[in-house]
Amino acid sequence: MKKLSVYKRLALFPLLFIYLEVVVHAFMGMSFKYLPIYLLFSIAYGAIVTAIIGIFDQSKYVTITRIVVLIFSVIYGTEYFAKTILSTFYPFSILGTAANNHLGEFEGTIRQALISKYYVIILFLVPFLLTLIFMQSPKQAKKRKARKGRSASRASGQDEAQPQSRTQRKSKKRLKKSAVIIISLMIAIVSYLLGLFIVFVVPSKSDLTPKMLYKSDTNFDDQVEQLGLMNMMRLDIKHMIWPVEGEEFTGTEQTPKIEPEAKYNVMDFDIDKMMEAAAGNSNLTWCTKYVQSAAATKENDYTAKIKGYNVVFITVEGMSGYGISQEYTPNLYKMSHECFIFNNFYTALHYTSTSNGECQNLLGLYPKGGNPITMKRTGELKTNCYFSLAPQLNRLGYKSLGYHNNQYNLYGREDSHKNLGYEYYGGHMPEGKFLVDGKSWPQKDSYMIDQTTSMYANPEQPFNIYYITISGHTPYGWNYANQEYKEALADAPYTEKTKGYIATLMEFDKAVDHLVTQLGDAGVLDKTLIVIVPDHIPYGSVEILEELSGKHFGTSEDLSAINESSIDFDVYKSTLIMWNSRMAEDRPKVIDKVCCQVDILPTISNLLGLEYDSRMLAGQDILSDSEGLVVFSSKSFKTDLGFYNRFTQEFTPNEKCTLSGDALDEYVQNKKSIANNKLELTSHLIESNFYDFAIKYLGSSN
């Protein structure tokens, strides 16, 4: 029985970690293909915990064990619900952001998810409950043993055995404790080395291998799936202390062909001098090689078409094109069918959905798929965001203002948006005005518009305005922002939840109507470009999008977790509006090219005739003749010729594709390299302050 007790102690925590990993993988729909890897690491981590607890006195063992079991069960459960509800794992490097983001705004969503997933909570707590039922304290065990001894003695008619001396008991306890610690450490070392062997030696044909993930500070989802949640959290702590060093640039390093007769959106950077100056700095070298290899976009019929115009750029909370209709959102419908019609615009989910939606909209870059959060990081580092719209237009004398009708400084916007060059107001306004109408949640977008247009809508100085709306925030139902539209939707053929979502778009549509009216009254509408784009789709309520579109996209759980292996990527299809009243008089240009949020900045820059370098952004001018490319969080991607699924490693050509055989394989490999590099670019660029470095090597004419 004593030996069995030792075996149980050795097995308890390894089994705990294995159990928790299996629960997370099972309920998040993750593949069990990598079970051997996180099984071995789970055994290693469990054995380390066993060794640490083994140091403590036997009298405290049961209490400490119960506490530790509860702690890890809560950690795993919290991470599961964070990913399921908020679409993001919350390792240590993001806890500060989470605390500042006032998650109380998600109270209804969180409460609903916890109630509906009560059985998952129970499963995470099962190990702790078992320790309460089956683990005995030393006093309980001693009494039980004494009772058994007395019963055995009476049954045999013999006197009770003489108790061992105190010295003998202490000696046995020390020996037992030392054995548990030593054996546990040996198990930990062997298991961990076996795990590393599989990660680094056993070949993998996937696009994102365990070896790549082990050395990465991005792709938390894939790290959890392939390496285990505890490994993801350990690597996160490691990379907080020792940041990941830049990898070698793996794309082609030859400058793409330039047609002498064509004009390109490029600037006179001395690439050779940049390469010399970047030597010894891996991030600067990587970025310079990227620029050297990138294909520039050509100028076109729309270059400088609206030079000198004002800009009002609106990032809309939770908007999907499937929710726009002529009946309920007439202004949005009208504007989306005038000037430009983007038939294949995608709003893909990325890490920290809202902030990194803004990253794509404002920087023309894909966000880093991990910590630090890209937009927040630019504010912390005071990164030179040279090609973002505000810096470009401020250099020309524009007035740039930013507004968000939320009283909290979410995702560090006070720093990041001011660093971009906006005079930023998040909830609070000067001169007795307010963006927040009382304390109700969410706020009305129309109120924000009404409070702000007088601050800039005049012909005396060109303006560049940025809005982040809030009325479309989850959860969807009836609330302060959309209550007034309930009667208008009473007979609509939708569920109440979908009606509530449509009502949030109706509130934003009202805000747009107010904006257009007030710009017109101020005499500046005809010289203002209005850009409207989502931050992300309503990923936590896929049933709404399915009801509106009549299509099946997958589950809200999969989409909230950005589990792109189980969704239809057309769930990301949305609407991009670029509208001007003068341009609306012309026949709209229909664009079938695939495009996404990172393409907006270069497209606007070209329309305004701004001097920018198309090689230094991840996006590209949608109106140029370049091929479209949309890269998703999972490294799957769409081009004008088809769709590449990273999970199946298959490219599905569409009717436009005429390639086959080796030519098609070469095309796919080339696009895979380009897609990977576009995702990699942002981290290298932000951490090295690359634009600040590069502008030192501009020609004298610039």
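Asn-689 is partly exposed, with a relative accessible area of 22%. In this predicted model, the phi of Asn-689 is near 50°, a positive value in a residue other than glycine. Asn-689 sits in the loop between α24 (661-688) and α25.

Cys-339 also has a positive phi without being a glycine; the value is near 70°. Is Cys-339 buried or exposed? Its relative accessibility is 4%, and buried means under 20%, so Cys-339 counts as buried. The loop that holds Cys-339 runs between α14 (330-336) and β2 (340-342).

**The chain as a whole**

The protein chain has 25 helices and 14 strands. Of its 702 residues, 56% are buried. Take the contacts between residues at least 6 apart in sequence: 75% of them join residues at least 24 apart.

**The six-stranded sheet**

An open sheet is built from 6 strands. Their order is β5-β4-β6-β1-β7-β8, and the pairing is mixed. Which strands form the edges? They are β5 (423-426) and β8 (577-579), each of which pairs on one side only. From one strand to the next, the twist averages 10°.

Strands of a sheet pair through backbone hydrogen bonds, either parallel or antiparallel.

| Strands | Sense | Bridges |
|---|---|---|
| β4 and β5 | parallel | 4 bridges |
| β1 and β7 | parallel | 7 bridges |
| β7 and β8 | antiparallel | 3 bridges |

Gly-402 has Tyr-424 in β5 as its bridge partner. For Asn-310, the bridge partner in β7 is Thr-528. Ile-532 stands opposite Ile-577 in β8.

How many residues of β7 are buried? The count is 7 of its 7 residues. Both faces of the strand are covered. On one side lie Thr-528, Ile-530, Ile-532 and Pro-534, and on the other lie Leu-529, Val-531 and Val-533. Every one of these is buried.

**Helices on the sheet**

Helix α20 (residues 496-521) lies across β1 (310-316), β6, β7 (528-534) and β8. It runs at about 170° to β7. Helix α18 packs on the sheet too, touching β4, β5 and β6 (463-468). The direction of α18 makes about 155° with that of β5.

**α15 against α18**

Two packed helices are described by the angle between their axes and the distance between the axes. Helix α15 (residues 353-363) and helix α18 (residues 413-420) have axes that come within 13 Å and cross at roughly 0°. Angles under 35 degrees count as roughly parallel, so α15 is roughly parallel to α18.

Which residues make the contact? From α15 come Thr-354, Glu-358, Leu-362 and Leu-363. From α18 come Arg-413, His-417 and Leu-420. By class, this contact has 3 nonpolar, 2 polar and 2 charged residues.

Helix α12 covers residues 271-278. Its residues Ile-271, Met-274 and Ala-278 are buried. Why are they on the same side of α12? They cover an arc of only 55° around the axis, and that puts them on one side together. On the other side of α12, Asp-272 and Glu-276 are exposed.

What covers the buried residues of α12? The cover includes α13 (282-293) and α25 (690-694). After α12 comes Gly-280, whose phi is positive, near 95°.

In helix α16 (residues 374-381), the buried residues are Thr-374, Met-375, Lys-376, Thr-378 and Gly-379. Lys-382 follows α16 and has a positive phi, near 55°.

The loop between α15 and α16 contains Pro-372. The peptide bond from Asn-371 to Pro-372 is cis, with omega near 0°. Another cis bond joins Thr-474 to Pro-475, again with omega near 0°. Where is Pro-475? Its place is in the loop between β6 and α20.

Technical notes
Residues numbered from 1 in each chain as written. Predicted model: local features only at pLDDT ≥ 70, side-chain atom pairs only at ≥ 80, totals over all residues. Heavy atoms only, no water. Axes fitted to C-alpha atoms, helices over the stretch in contact; angles between N-to-C directions. Helix = DSSP H or I, 4+ residues; strand = E, 2+ residues; numbered from the N terminus. Parallel < 35°, antiparallel > 145°, perpendicular 65-115°, else oblique. Contact = heavy atoms within 4.5 Å. Nonpolar A, V, L, I, M, F, W, Y, C, P; charged D, E, K, R; others polar. Pairing = 2+ DSSP bridges. Buried < 20%, exposed > 50% of the residue type's maximum accessible area, 1.4 Å probe, protein only. Arc of directions from axis to C-beta.
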